[in-house]
Amino acid sequence: MFYSFSKFLKSNYVRILSSKEVEDLKILTRVFPFKVSSYVLEELIDWENRYEDPIYRLIFPQPEMLKPSHWNELKNVRGFEEERAIVKRIRLELNPHPNGQTDNIPRIGDRLLGGLQHKYRETVLFFPAQGQTCHAYCTYCFRWAQFVNLDDHKFKSKEQRDLFDYLSLHKEVTDILFTGGDPMWMSNEKLFEYFDVLTHSELEHVRNVRIGTKVLAYYPKRFLGEEGDELLRYFEKMVSDGKNVSVMAHFSHWKELQTEKVHEAVRRLRNAGVQIRTQAPLIKGINDSSEVWRDMWTEQVKMGMIPYYMFVERDTGAQHYFSVPLARAYEIFTDAYSQISGLAKTVRGPSMSAWPGKVLVSGIMGEGNSKKFILKFIQSRDPDLINIPFYAEYDPEAIWLNDLEIEPSIQQAIDEMKKKYQRTPDEVSEVA
Ligand SMILES: *Cc1c(COP(=O)(O)O)cnc(C)c1O
Ligand code: SF4
């Protein structure tokens, strides 16, 4: 069962909260999307200690996510129309569309394919229309604009046709990444329609089918029971037909790994031949300690999963509330990384999914005025830049690539990339 906020208000859980908390949530959920599964409410949240509980903070918007000026406006609002306008303005102030994602939308001739993104040569992102929601919403989500109806820019799949046409023209693509929202929100029937497209002999070059999802954390039952059986049998068939099936599982905290259901779901996926790689952003107040990551990666390996990325929180939404400075992120990563088995050291981070590519903070060097960040691209629009170390001036408060003064020759390469890839305003409005 899944709860919208109005449904949550009618549940027994609401009685645990104080009336002040409920009143605050009524206002917060006008701006931020809210949804939660009964599984998260029942099995993951520690209600007694909710102020410190990472899962509570992951799901329930916190008062500090809005600035004091926003609170004033929302408390004094008169009438529905005025409220709508204010909510819309606040959402737009929260940078709902970080760093030019429209620049990644590919085309065939002059046909724009709005449900796809193609940024790095090997991997195409696919946004199936029915997967643009999740089993619960994360307070820190960077895709949040897709859930609140802002939008013009909602990435929607027109049809399987686009997927087939584009992939069959692009033999360099080895990976398709189903993303959202959460593609596992879709019914088996719908999912299989998309997967079936990939079995076509003209798409043999697409060897790796990835599914980006938080369903293992929010609703592991998706892989259990009859529907789960049917899904796993389908995965098994894909694997025996020669595709690699990889679940890119979003886990924010080791607390999400403790239930019998998630263990069972992971076991079943692995038995079906599915690989599970794990990733999450580093978020203040939720997982900003090296112990949390150490224990999470250690447990994931024990369960047979492969730690993959630690991300830096994106420049969107309540970033002022959730962000961790790059210098601190590096420290947390390094401290956790130094306490884990080599089997967990498949993880990379902290990594920023920035406009020019995935940028890894791989070191801090020097002292005083000559202190520098050592960075490198793990992924880039320009493959020549990948894995080449470069520096940026050290800044203890920097939270994103834009805050950094980067080595001039690399900055120049990034500027060149911008000229090449940035869409014109006309093209952007065409996409919308
Ligand atoms: C992260 C990402 C990918 C996948 O990158 P890998 O390093 O291969 O996991 C693909 N496309 C976009 C836009 C991404 O952000
Ligand atoms: S699961 Fe992913 S897409 Fe869904 S709300 Fe969380 S971060 Fe956003």
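**Entry 1: Phe235.** I began with Phe235 and looked up its contacts, leaving aside residues up to four places away in sequence. Phe235 touches Phe195, Ile211, Phe223, Val245, Leu269, Ala272 and Val274. I note that the model is a predicted one.

**Entry 2: The cores.** I then asked which residues touch the most other members of the largest nonpolar core. This core has 111 residues, and Phe235 is listed for the most contacts within it together with Phe8, Phe60, Ile176, Phe195 and Leu216. Helix α8, residues 188–198, contributes the most to this core, with 6 residues. I also checked the domains: at least three residues of this core come from each of domain 1 (2–93) and domain 2 (98–431). I found a second, separate core of 24 residues, and Trp355, Phe373, Ile406 and Ala413 are among them. As background, I recorded that nonpolar side chains tend to be buried together in soluble globular proteins.

**Entry 3: The sheet.** I traced an open sheet of 11 strands with mixed pairing, and its order is β5-β6-β7-β8-β9-β10-β11-β12-β13-β14-β15.

**Entry 4: β11 and its surroundings.** I looked up the pairing of β11 (residues 306–312) with β12 (residues 348–354), which is parallel and has 2 bridges. Phe311 has Ser351 of β12 as its bridge partner. Finally, I located helix α12 (residues 290–302), which lies across β10 (275–282) and β11 and runs at about 150 degrees to β11.

Definitions and conventions:
Residues numbered from 1 in each chain as written. Chains lettered and ligands numbered in written order. Predicted model: local features only at pLDDT ≥ 70, side-chain atom pairs only at ≥ 80, totals over all residues. Heavy atoms only, no water. Core = buried A, V, L, I, M, F, W, Y, C linked by side-chain atoms within 4.5 Å. Buried < 20%, exposed > 50% of the residue type's maximum accessible area, 1.4 Å probe, protein only. Helix = DSSP H or I, 4+ residues; strand = E, 2+ residues; numbered from the N terminus. Domains from an automatic or database assignment. Contact = heavy atoms within 4.5 Å. Pairing = 2+ DSSP bridges. Axes fitted to C-alpha atoms, helices over the stretch in contact; angles between N-to-C directions.
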